[in-house]
Amino acid sequence: MLQKLTDKSSSWIAKLILVLLAVPFAFFGMEQYFTQRIDTWAARVAAPPAWWTDAPSFWPVSMLWREEVIDANEFREAFEQERQRRQLREGEAFDPRAFDTMANKQAVLDRLVDQRVLQLAADRAGIAIGDAQVRDSIQAIQSFQVDGRFDAQQYQLVLASQVPPLTPRGFEQEIREGLRQSLVVDAVAASAFATGSQVEQVMRLLDERRDVAWVVLQAPDAAAEATPIDDAAVQAWYDAHLDDYRSPERVAVEYIAIDADALEVPIVDEAALRAQYEAAGERFSSGDERLASHILVQGDDDTDAAQARAEAERIAALARQPGADFAALAREHSDDVGSRASGGDLGWITRGTMGDAIDEALFALEPGATSDPVQTEFGWHVLQLRDVKAGEQVPFESVREELAREAEADARERAFNELAGRVVDEVYSNPSDLGAAAAIAGVPVQASGLFARGAGNGIAAHPAVQRVAFSEALVEDGMVSDPIEIEPGHTVLLRVVEHVPEQAQPLAEVRAQVVEAVRAARVAEALEARARELVSGLDAAGDLAATAEAQGLAVMELPALPRGAPVPGPEAVEAIFAVAPPEAGKVSPGYVVRDGNAVVFVVRGVTPGEVPPAGSPEREMVAMQLARLAGNDEAEAYVAALRERMEVEVAEDRL
């Protein structure tokens, strides 16, 4: 028996089976067969190798594909950032529940997928971004500039203020990757152009004029519509327009309001006000000022820092010589184009306006003295102090009322924060009842009636209150909310006590509304039928006047009607310019129903717009706009084409 097993295991079939089994072990390792794999990605993008343009996605070719994964945490972070942007843009009108939809999630994920697609495309094309491009892009960002120039300290502060904070290395990598991804897309967009014929056609259309005549058909009063409306018509309309007859979701809340203005705070005594005045330091005094001039020596590609400093020291030595004219030296040697013509004059300077290095050197000088070279990010400065102006102290009596108001506001804020903290602690201890919290706050528990989104009175009308009141957590649990800030120093805590979901209203309750809608629809149909009849009744020459006279209608004439004219109304003007130009000896009729009336018109003639000569500013502007629109379309098409050549898989259950 053992001999038979040995013989069979050494056969070529057994060896082939062993080879086939070894391949997956070699690629994936044996641990893949003994450990459970848990995927956490929200989407993944796979691209074939650059040399295989039509690589199919089957094994073993698919193993050569390059894959990028969008982790679920990355998606959630991007979605939260989009939420914050929308909330900042929309303010109190922002609705978290309306934002948290699959459509918005898919839109955010699509942007992340497009970034990965461009990243893979850039990798395949071997695109790299140099340090100089990254530096120039960062220095061009206005948030990092002070007085129109890049400021390293401002750069560090802005990065540190981000949530979460960014490091310069991490931010530079983001900029590098962004430039790498956008390089080809920007080139595609920039390659678009508008031909001369396209520009001429658009300009003729934009400035086109049309000779038009029209009449206005007044709609009859819907209440005067005498045709009886039977139950079948009412039921049919109700069934076809169910969404129009739904009662909105409504809630009723009970709440307490804590208002800082209603709190009693002790009056601050005179001694405390004087102590506050003394502690204010330089706040109530104008600081010392220095009248200064400077000479700036900048280093450039041909002058290193050591040479620039040596030049600044030479100029400082010249400025210290007896009888030296500092202004003349500045006009001759300074690299500061802003102050060179005025002899390096910087005007009166207070501490904190020119940076620490300048302040330290300037405020240590005596009037008439010249400093040693001082280095800043702009270069080396030689400073001269021309005059000193001492600061003045504002008397206590002049600012006493201001200090009293500030002291009262501070005391009120402290009392409000302390009271709000005790109320919140009580709510956390008993989250389903407002009674004890109201007792601590010394305010009554108030109640609202049922109100819908966008409705309500008083506190219930505030957008922040409505967002919380209609949140799923409060509706389902009935717990007391977190504090809701109505305005600074005014906080509300509430609890949902009744919830009525959105629901269809029975026909019996809305029958009068349905009958009114049916009558209005019949009036509109009759009005449109009359407009069509009037258009069809025009003779071959399109004599609107004769037809209108027979029906007692007034004809309005307007030659050379431009696009965007206010009469006979936006919808009518759009319809007038939508009809084809009339043939010789004929008119182009049409009609449009708007605001319960109908406008019947005839276009009698068309005058194309004038096209400015080549090179004119108007023509160049239109050409630029057309090229920009075409470039945007081509860039979107390019990204879509890249995405088509790659495989994108989305895990919607992880969004």
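F79 is buried, at a relative accessible area of 6%. Here buried means under 20% relative accessible area, exposed means over 50%, and partly exposed lies in between (1.4 Å probe, protein chains only). The model is predicted: local features need pLDDT of at least 70, side-chain atom pairs count only at pLDDT 80 or more, and totals for chains, interfaces and linings use all residues. Residues are numbered from 1 along each chain as its sequence is written, and side-chain values use heavy atoms, with hydrogens and water left out.

Aromatic residues are described next. Eight aromatic pairs occur in the structure. In F75 and F79, the ring centres lie 5.8 Å apart and the planes meet at 25°, so this pair is stacked. Rings of Phe, Tyr and Trp (its six-membered ring) pair if their centres lie within 6.5 Å; planes under 30 degrees apart count as stacked, over 60 as edge-to-face and the rest as tilted. F75 and F79 are four residues apart in helix α4 (residues 72-90), a separation of about one helical turn. Helices (H or I, at least four residues) and strands (E, at least two) are DSSP runs, numbered from the N terminus. F75 is buried, with a relative accessibility of 1%. Elsewhere, one aromatic cluster is formed by F144, F150, Y155 and F171. A charged residue also meets an aromatic ring. K389 sits over the face of W348, 4.4 Å from the ring centre. The criterion is NZ of Lys or CZ of Arg within 6 Å of the ring centre and within 35 degrees of the ring normal.

Salt bridges number 36 in the structure. Each is a side-chain nitrogen of Lys or Arg within 4 Å of a carboxyl oxygen of Asp or Glu. D123 and R66 form one of them, with an N to O distance of 3.0 Å. D123 belongs to helix α6 (residues 102-125) and R66 to strand β2 (residues 66-71), so the pair ties together parts 57 residues apart in sequence. D123 is partly exposed at 26% relative accessibility. R66 is also partly exposed, at 40%.

R209 and D207 form a further salt bridge, with N to O at 3.0 Å. R209 is partly exposed, with a relative accessible area of 28%. D207 is partly exposed as well, at 34%.

In another salt bridge, the closest N and O atoms of R412 and E408 are 2.9 Å apart. R412 and E408 lie four residues apart in helix α16 (residues 396-429), about one helical turn. R412 is buried, at 16% relative accessibility. E408 is partly exposed, at 39%. Salt bridges that share partners also join R66, E68, E74, R116, D123, E177 and R180 into one network.

Q119 is placed in helix α6. Q119 is buried, with 16% relative accessibility. Neighbours within four places in sequence aside, Q119 is in contact with E68, E177, R180 and Q181. Contact means heavy atoms within 4.5 Å.

R495 is located in strand β15 (residues 490-500). A polar atom of the R495 side chain lies 3.4 Å from the backbone oxygen of G478. A polar contact is a pair of N or O atoms within 3.5 Å; within protein, one must be able to donate a hydrogen and the other to accept it, and residues adjacent in sequence count only if both atoms are side-chain atoms. With residues up to four places away in sequence not counted, R495 touches A252, V253, E254, S432, L434, G478, M479 and V480.

The peptide bond from V567 to P568 is cis, with omega near 5°. P568 is placed in the loop between β17 (556-562) and α22 (570-578). D147 is not a glycine, yet has a positive phi of about 55°. D147 is in the loop between β3 (145-146) and β4 (149-150). D147 is exposed, at 78% relative accessibility. A560, likewise not a glycine, has a positive phi of about 55°. A560 is found in strand β17. A560 is partly exposed, at 39% relative accessibility.
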